[in-house]
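Q: I want to learn how to read a model like this one. Please take me through it feature by feature.

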Amino acid sequence: MRHAISVYVDNQAGVLSRVVGLFSGRGFNIESLSVAPTLDPAKSLMVITTTGNEQVLEQIKKQLNKLINVIKVVDCADREYVEREMILVKIKAEKETRAEVLRIADIFRAKVIDVSPKSYTLSLTGDKRKLEGFVEILTPIGIIDFVRTGTVVMAREMQGRRKLP
Amino acid sequence: MKKITGAQAFIEALRCEGVTHAFGYPGGAVLDIFDAIMDARDIQFILSRHEQGAVHAADGYARASGRVGVCLVTSGPGATNTVTGIATAYMDSIPIVVFTGQVPTHLIGNDAFQEADIVGITRPCTKHNYLVKDVCDLGRAIKEAFYIARTGRPGPVLVDLPKNVMNSTVNFKYPESVNLDSYCPTYKGHQGQIRRIMGVILKSRRPVIYAGGGVTLADASRELAEFARKLKLPVTTTLMGMGAFPSGDPLSLGMLGMHGTYAANMTVTNSDCLIAIGARFDDRVTGKVDEFAPKAKIIHIDIDPTSISKNVKVDLPVVGDCRMVLRGMLAELAGKDGDLAEMIAQTEPWRREIDAWKEQQPLRYCRSEIIKPQYVIEMIDEIAPDDTIVTTEVGQNQMWTAQFYKFKEPRHFLTSGGLGTMGYGFPAAIGAQAAFPGRTVIDIAGDGSIQMNIQELATVVQYNLPVKVMILNNGYLGMVRQWQALFYKKRYSHTSMAVSPDFVKLAEAYGAKGLRVTRPEDVKDAIQEALRIPGPVFVDFVVDPEEDVYPMVPAGAPINNMLLV
Ligand SMILES: Cc1ncc(C[n+]2csc(CCOP(=O)(O)OP(=O)(O)O)c2C)c(N)n1
Ligand SMILES: [Mg+2]
């Protein structure tokens, strides 16, 4: 089961390595990871997506909590949450495909953030499934370069309502 | 407040922590600290002959005394030499603080002379570690290091001290308290959960306590004994729990697991209620996990939430300090005399069944003309004073000691349980002896293991630490040979100690005493003589080379599947 965990940590040198070392040392899996300081610059928020059965997830959360520099661990599965990641795609856009690329970008509400005579660079945010759909459509046209962030998540304020697309 | 150097502040900090002993080894990066230590007459510094020895000594000091052990070494190779000692303490949850020198901050990352990223190297085997980059952070780092080492589930903490930090000056004031929002161990168990487990225990018909090192660490053995006796609960202990419940007590089953007693393993396997206290379901205890205590409701009391349901699914966990939880459990008995009497009556047949197992298959060995190692241990137990501290090395010597020495008190048996570190026992004995100069300290050693830190002979002679090393010399890496005999068709691949030093001459070369015993009838006299000699002694017992440790559960088998003598 895929699972997102928010980990609030001290914003200090070496803390990332403690967290990542814990995962590798105990054979836990990290699917994606995103880290940045919070509004309080003394703390950072790490969002880790991982996979594992219930027992493994329980261990992951407990082991994270045990690290001295971990302030709080929030399991997103306990609440409804929204998730986003972002990709940048540099895509071939020559005469025949230039218009089509823009049309696809429009459909997905992606932005053109760089242009050259032979390519466009697009950015798109969304949840994992949306991004995967986008990449699938673009692949036949010719992806030149591709980069993707880790997932970030936030609990929904009003639990139990329909999510916006 | 006057300005002092980082090195002087370091000494001041140790004083504030009440440190009276430190073990270590000097070098370039810690010259300033060693210079300051020379003036600190109130801290006895013991110079080991290898940094691994210094860490094990600090660990032995901590295990024997319950105080935090302190170790100080230089950067680079000095620091890397501590890793085995730190990992040993980590696996057994022993509170030590290891201070390492480091190259000056402006050289860190430059592959400077004697630079090692010891904070990076020890991250997975410390409870926490620090690199102090600014002398203003020194006090806080040391304060936190001691606090983290001794609280919650104890463990080793490393503090890395760059040379320029230690020779710069600071207006020093040692912090009075720690301020760690993200670290607050749970001591008090959940009251409702304690009530629930007492309900289950009082209704059980085949209960057993499985007690581990956590009982000793929490100083809970008195509460454990009171609880077990009040409810007439049989008690088995892990290797780390030896002494947490007195071996001679009729309720004691001895050790469980791979080399556990027949009674202990049968009791656990047939139990309907396993009460784990300060134990962590190690694979050497459980054998095949799926068949461990298969009929039992599993209750687990532990201060570390990660221990719960890590290896074995727990039905009723209580996170908390073993002593506080046991007190809570005893308090729950108030006004339940009827239930208690009923339970004791109902569990009588169970205790009789257990007594029958004890009688059927006691620990035993065959006597012969050659000295049997088990006999040596029985004789040491018989002759040594009651307050003797026994350490062991690793291998058969360790298992036989756990089986045949009747430990009655906690902190009397120091052994590397989790990591199984050969070479632990001798330096650990040094630490224990430093903590208790007036008590007898004995390392029960193997001929292989003792060679791993034999250089510490110089340390015991220099400081006149009268440690007695009883070598069970079987000429083999006996425990490995035993596995080769049982599971590898007796192909003894590189387990013969074909060449060993003459331990008697070796001891003498260092200025200690050496004795050799080759006949069973001389064993007692030799032990008595060794204890009579005022200084350190090596006794080389030439024992049966192919004696094996039994019972034995083959790795991965259920624990009721025992090979018996
Ligand atoms: C540092 C280290 N290396 C290797 C081992 C593996 N090992 C476990 S027991 C053992 C044999 C120990 O031999 P000895 O000290 O003579 O003890 P005996 O079993 O003969 O009593 C070995 C090599 C270990 N536990 N620790
Ligand atoms: Mg041997």
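Q: Is Pro37(A) buried or exposed?
A: Buried means under 20% relative accessible area, exposed over 50%, and partly exposed in between, with a 1.4 Å probe and protein chains only. Pro37(A) has a relative accessible area of 55%, so it is exposed. Note that this is a predicted model: local features need pLDDT of at least 70, side-chain atom pairs count only at pLDDT 80 or more, and totals for chains, interfaces and linings use all residues. Residues are numbered from 1 along each chain as its sequence is written, chains are lettered from A and ligands numbered from 1 in the order in which they are written, and side-chain values use heavy atoms, with hydrogens and water left out.

Q: Which residues is Pro37(A) in contact with, leaving aside neighbours within four places in sequence?
A: Contact means heavy atoms within 4.5 Å. On that basis Pro37(A) touches Asn11(A), Lys43(A) and Ser44(A).

Q: Where does Pro37(A) lie in the secondary structure?
A: Helices (H or I, at least four residues) and strands (E, at least two) are DSSP runs, numbered from the N terminus. Pro37(A) belongs to strand E2 of chain A, residues 32–37.

Q: What is the strand order of the open sheet with E2 in chain A?
A: Two strands pair if DSSP finds at least two bridges between them. Here 4 strands run in the order E2-E3-E1-E4 (chain A), with antiparallel pairing. E2 and strand E4 (70–75) of chain A are the edges; each has a single partner strand, so one side of each has no neighbour in the sheet. On average, neighbouring strands are turned by 15° against each other, direction ignored.

Q: How many bridges pair E2(A) with E3?
A: There are 6, in the antiparallel sense, and E3 of chain A covers residues 43–51. Within this pairing, Ser32(A) sits opposite Thr49(A) of E3(A).

Q: Which helix packs on the sheet and touches E1, E2 and E3 of chain A?
A: Axes are lines fitted to C-alpha atoms, for helices over the stretch in contact, and angles run from 0 to 180 degrees between N-to-C directions. The helix is H1 (residues 15–25) of chain A, whose direction makes about 15° with that of E3(A). Helix H2 (residues 54–66) of chain A lies across E1, E3 and E4, at about 160° to E4(A).

Q: What pattern does chain A follow along the sequence?
A: Read along the sequence, it is β-α-β-β-α-β-β-α-β-β-α-β-β. That comes to 4 helices and 9 strands. Of the 165 residues in chain A, 39% are buried. The C-alpha trace spans about 55 × 40 × 30 Å along its principal axes.

Q: Now chain B. What is its radius of gyration?
A: The radius of gyration is taken over C-alpha atoms, and the globule rule is 2.2 Å times the number of residues to the power 0.38. For 565 residues a compact globule would be near 24 Å; chain B has 24 Å, which agrees. Chain B holds 23 helices and 20 strands. Of its 565 residues, 61% count as buried.

Q: What is the order of the open sheet of 6 strands in chain B?
A: The order is E3-E2-E4-E5-E7-E6 (chain B), with parallel pairing. Strands E3 (44–47) and E6 (128–131) of chain B are the edges, each pairing on one side only. The twist averages 20° from one strand to the next. Helix H7 (residues 138–150) of chain B packs on the sheet, touching E4 (69–73), E5 (96–102), E6 and E7, and its direction makes about 145° with that of E5(B). E6(B) and strand E7 (residues 157–162) of chain B run parallel, joined by 4 bridges. Tyr130(B) stands opposite Val159(B) in E7(B).

Q: Which residues of helix H14 in chain B are buried?
A: An α-helix has 3.6 residues a turn, so residues three or four places apart point the same way. In H14 (residues 322–331) of chain B, the buried residues include Cys322(B), Val325(B), Leu326(B) and Met329(B).
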